[in-house]
Amino acid sequence: MPDIPRSAGTRHRPSILVTGATGNLGREVVDRLHAHGARVRCLVRRRTGPHPGAESVVGDLTDPTAVRAALVGIDAVFLLWPLLASAPAHDLVTELSAAAPRVVYLSSTAIDDAAARQSDPIVQVHADMEALLHEAGLRPVVLRSDTLASNARGWAAQLRAGDVVAGPDMARTAVVDERDVADAAAGALLAHHGHPDHGPYLLTGPEVLSRADQVASLSAALGRRLRFEALPAELARSRMLADGRPPQLVEALIAASERRPPSHRTTDHVERLAGRPAGTFARWASDHAVEFERAPD
Ligand SMILES: NC(=O)c1ccc[n+]([C@@H]2O[C@H](COP(=O)([O-])OP(=O)(O)OC[C@H]3O[C@@H](n4cnc5c(N)ncnc54)[C@H](OP(=O)(O)O)[C@@H]3O)[C@@H](O)[C@H]2O)c1
């Protein structure tokens, strides 16, 4: 976490609503906001408060009544949109417009601003969400994140059982540590490094990696010989469905695997918002190695 002084004395303690607070990224954002002395409220779908000390409002992002209740007295919102369509966001955007907090929206670096349609449904949703928020006059701070390192947790079951990660391949991108994205988000929400402009900020890690490169980093961190096996679409689809993943998500992931172009871009935007450079995936792998250790026989 960057060395940011806590709010103190008579200074206003900002009240911040965090969506997706039980997820890989949201949890990290909540931790940082707490550490910096903000009042934190979480919109959660189940009442198992993600963080002691954080207030929770139970409800779905698509439920305008819950969203309205969650927005009372809020200065800024960390907004995720984990759904695979943007149409259900209209009520949310109406509620945001009425409450008028500062909105920090977590989008995707895969957006191509010059394209009429995006490469795949996941990226299209982010482009549509950015447009909705802008059209509503919310002037969001847009943080476009590259592939989160924490996606690798999806490989944990395979690596606890064996030495092969098999799945759909994805084009190379500058995988970014979710803790760095969370620091950048906290920086934007709390405006500790001055009020950020509206972006879009492109939050990347320091190096462009393939899935096989990521598995090689895990291999080094775990001291085991691991390998990545790219599955053809049909096999990847049937395995993901057999694992119980929702069919719409499976199709979106297959489309991303087949159509999302590689990215060659790394930026210093994490540093601009967080006050320090982004870390490597190798660091992430070393910090999280225990999650991938083989189950004892
Ligand atoms: N992963 C990436 O590489 C990447 C890259 C760019 C942008 N993003 C964006 O970042 C987001 C967060 O990523 P992540 O890895 O932290 O995801 P995650 O671990 O899957 O967490 C998703 C969070 O959203 C909540 N959620 C899902 N549907 C909801 C709904 N209908 N109403 C309210 N809350 C809901 C989940 O709550 P429950 O605990 O109730 O399920 C969970 O807290 C993604 O959804 C995506 O929009 C991700």
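This is a predicted model: local features need pLDDT of at least 70, side-chain atom pairs count only at pLDDT 80 or more; totals for chains, interfaces and linings use all residues.

Q: Where does Glu178 lie, and which residues does Glu178 touch?
A: Glu178 belongs to helix H6, residues 178-190, where helices (H or I, at least four residues) and strands (E, at least two) are DSSP runs numbered from the N terminus. Leaving out residues up to four places away in sequence, Glu178 is in contact with Asn24, Leu25, Glu28, Leu148, Ala149, Ser150, Arg153, Trp284 and His288, contact being heavy atoms within 4.5 Å.

Q: What makes the seven strands an open sheet, and which strands stand at the edges?
A: Two strands pair if DSSP finds at least two bridges between them, and the seven strands follow the order S3-S2-S1-S4-S5-S6-S8 with parallel pairing. Strand S3 (55-58) and strand S8 (201-203) each have a single partner strand, so one side of each is left without a neighbour in the sheet. From one strand to the next the twist averages 20°, with axes fitted as lines to C-alpha atoms, for helices over the stretch in contact, and angles running from 0 to 180 degrees between N-to-C directions.

Q: How do you know that S2 and S3 pair?
A: Strand S2 (residues 39-44) and S3 are joined in the parallel sense over four bridges, and Cys42 stands opposite Ser56 in S3.

Q: Which strands does helix H4 lie across?
A: Helix H4 (residues 121-135) lies across S4, S5 and strand S6 (141-145), and runs at about 160° to S5.

Q: What makes a space in this model a cavity, and how many of 30 Å³ or more are there?
A: On a 1 Å grid over the protein atoms alone, a cavity is a set of points where a 1.4 Å probe fits but cannot get out, and the count comes to one cavity of 30 Å³ or more. The largest cavity holds about 40 Å³ of space, a volume being the space filled by probe spheres set on the points, which are joined across faces, edges and corners.

Q: Which residues line the largest cavity, and how do they divide by class?
A: Lining residues have an atom within 4 Å of a point, and those of the largest cavity are Leu17, Thr19, Leu43, Val67, Leu71, Val77, Leu79, Leu92 and Leu96. The elements that give two or more residues to this lining are S1, helix H2 (64-71), S4 and helix H3 (90-99). Ala, Val, Leu, Ile, Met, Phe, Trp, Tyr, Cys and Pro count as nonpolar, Asp, Glu, Lys and Arg as charged, and the others, Gly among them, as polar; the lining thus has eight nonpolar, one polar and no charged residues.

Conventions: Residues are numbered from 1 along each chain as its sequence is written. Side-chain values use heavy atoms; hydrogens and water are left out. On a 1 Å grid over the protein atoms alone, a cavity is a set of points where a 1.4 Å probe fits but cannot get out, and a pocket is an open set with protein on both sides within 12 Å along at least five of seven lines; lining residues have an atom within 4 Å of a point.
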